[in-house]
Amino acid sequence: MTSIPPSQPQDQPEVVNTQNADLGDGVNRCPRCGSTDIQLRASTGMLICLFCRHEWSEQRAEGQLFDDGDLTQLQGTTLGSGAADIAADANAVVTLKCQGCGAEVVVNTAAAMSSRCHWCRHVLTINNQIANGAVPDAVLPFSLSHQDAVARITEFASKRRTFANRQFLKEFTPENVVGVYMPYMIVDGNVSGDVFGHGEIETRRYTRGSDENRKTYYDADVYQIHRHVDFTVDDLTIESSAERAMMDASVNTNNIINTILPFDTKNAVRWNANYLNGFSSEKRDQDVEHLRPALEHQLLSIARSQAAPSVSRYDRGVRWEAEKVDVHGTRWVSMYLPVWLYSYFQEEKNMVHYIAVNGRTGETMGSIPVAQGRLLAVSAAVGVAVEAAAIVILVVS
Amino acid sequence: MGIGAEVLATGLPILASGGSGDGSPAGILLAGPIAAIAVYGLLFRYYRNTDKSHSFETETRIQAAPITGGDQKVNEIRGTQQSQIEGNNVGSHRQRVRRAP
């Protein structure tokens, strides 16, 4: 068995500077005409100047910010400077001085990365990586239009009308879908996993007794099993907002947003806050160390998944009893990913229901509040019908 | 999994444990309640999708070296009525077990 010595690196991580040196905080102008009215054009994935229609884009992050090499050689912890720890005293609200008129402009980075100066109308953006974690290493721009998102949400909900909450149907307004850039950590890893347990192979099956007392018995051989797998993961995507990472379907619908993963993160570009103009955003509030348990959970799950085909001969199943993961190296990149989000607050349950559309692939998932009365009535009706059939069978036999 | 298959998957184990498996004809009377619960559960999940999440085990780019390890026969079981190993978790990749040192 191959055994790689565990190396859980606790030393200082290597930080790669991912700051976009071409941009600063405040006024960032169109390279052709000098206007600050710049937006993403989703159909091309390019930035467009709303004044002169000039289009351009930032460089792709992959291969530019990091060596896109052999992940089996990854050792220790490497992270982009945009994924660095958030300062304890960092404030989400940032005040910028407008270079156009000198006014002070406030940007709440918890929800946006730009603001328009209310005096001279310049758009001010935040591009310098700041201690509150709001500026990531890279951003994956929307490529799915608002119109497409509305169509997908409408289609999703229209398939679920019969048992939907009546108030939800009455207030359903898919045009209100909002484009949100969500914060994630994109993680590469070089890992070894081990699982230990017991498996059983059926050797004989037979019945004893007669008629109503007939019972099936099994003989089986029991094996002690160990599996080891060395593997790499490329662009594992982990929520870096504590609120979004809390997935408990009894109290929230964050699992809906999680379900529309993955994204084509290889197409992410270097940070430019203008990609977010016209969209909302949520700020990262988790550091790398906070996310290690979530990463290890996913790596262990992958190790178990990888081991599964090798135990298929155990036809009575396998009981895994112990597991471990040795993380030899990880690379962390903070990234904003595009999600079209339709939300509905169900007052009686005090719950926000989301319908989410992946802003790149169009994958759609949602939570539609149910009309409990209708659902119970139909379920009971089916139960009664089946029960009646069962009674008939009993009487006839 | 199709809708019919999900109903069967939900209902049949309950039906089996409810009495039909032990040969009692009265067990069939549980079919009605089981069908009602299965229909409710199925429709609820179809609307609320509470069981959905990102399948990172299969939707992430993973390069794995060939699996190694060992298998050693340690026991034989004779005449059990259990149709599978107790605590079978071979398909429950996200169910965490004890962390080995």
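**Close-up views of a predicted two-chain model**

**View 1. A three-stranded open sheet in chain A.** In this predicted model, chain A holds an open sheet of three strands in the order β3-β4-β5, with antiparallel pairing. The edge strands are β3 (38–41) and β5 (55–56) of chain A, each of which pairs on one side only. Between β3(A) and strand β4 (residues 46–49) of chain A there are four bridges, and the two strands run antiparallel. At one position of this pair, Leu40(A) lies opposite Leu47(A) in β4(A). Strands of a sheet pair through backbone hydrogen bonds, either parallel or antiparallel.

**View 2. Strand β16 of chain A and its antiparallel partners in chain A.** Strand β12 (residues 178–208) of chain A pairs with β16(A) in the antiparallel sense, over 22 bridges. Here Val191(A) faces Val327(A) in β16(A). Strand β17 (residues 351–358) of chain A also runs antiparallel to β16(A), and eight bridges join the two. Val339(A) has Asn358(A) in β17(A) as its bridge partner. β16(A) and β17(A) form a hairpin with four residues between them. In the turn of this hairpin, Asn350(A) has a positive phi of about 55 degrees.

**View 3. Parallel partners of β16 in chain A.** Strand β6 (residues 76–80) of chain A runs parallel to β16(A), and four bridges join them. The bridge partner of Leu79(A) in β16(A) is Trp332(A). Strand β11 (residues 138–139) of chain A is also paired with β16(A) in the parallel sense, over two bridges. In this pair, Val139(A) stands across from Tyr336(A) in β16(A).

**View 4. The largest nonpolar core, seen around Val139(A).** The largest nonpolar core has 102 residues, and Val139(A), Met335(A), Leu337(A), Val339(A) and Ala356(A) touch the most other members. Strand β16 (residues 318–346) of chain A gives the largest share of this core, 13 residues. What is Val139(A) in contact with, leaving aside its neighbours within four places in sequence? Its contacts are Tyr181(A), Ala268(A), Val269(A), Trp271(A), Tyr275(A), Met335(A) and Tyr336(A).

View 5. Chain B has three helices and three strands, which follow the pattern α-α-α-β-β-β along the sequence. Of the 101 residues in chain B, 18% are buried. The contact between the chains takes 60 residues from chain B and 81 residues from chain A. On the side of chain B that touches chain A, the elements giving two or more residues are α2 (31–48), α3 (56–59), β1 (61–64), β2 (68–80) and β3 of chain B. The largest share of this side, 13 residues, comes from β2(B). By residue class, this side of chain B divides into 24 nonpolar, 22 polar and 14 charged residues.

**View 6. Strand pairs between the chains.** Which strand of chain A do four bridges join to β1(B)? It is strand β13 (residues 215–239) of chain A, which runs antiparallel to β1(B). Thr232(A) is opposite Gln63(B) in β1(B). β16(A) pairs with strand β3 (residues 98–99) of chain B in the parallel sense, over two bridges. At this pairing, Ala322(A) stands opposite Arg98(B) in β3(B).

Methods:
Residues numbered from 1 in each chain as written. Chains lettered and ligands numbered in written order. Predicted model: local features only at pLDDT ≥ 70, side-chain atom pairs only at ≥ 80, totals over all residues. Core = buried A, V, L, I, M, F, W, Y, C linked by C-beta atoms within 7 Å. Buried ≥ 20, exposed ≤ 12 C-beta atoms within 10 Å, placed from the backbone. Contact = placed C-beta atoms within 7 Å. Pairing = 2+ DSSP bridges. Nonpolar A, V, L, I, M, F, W, Y, C, P; charged D, E, K, R; others polar.
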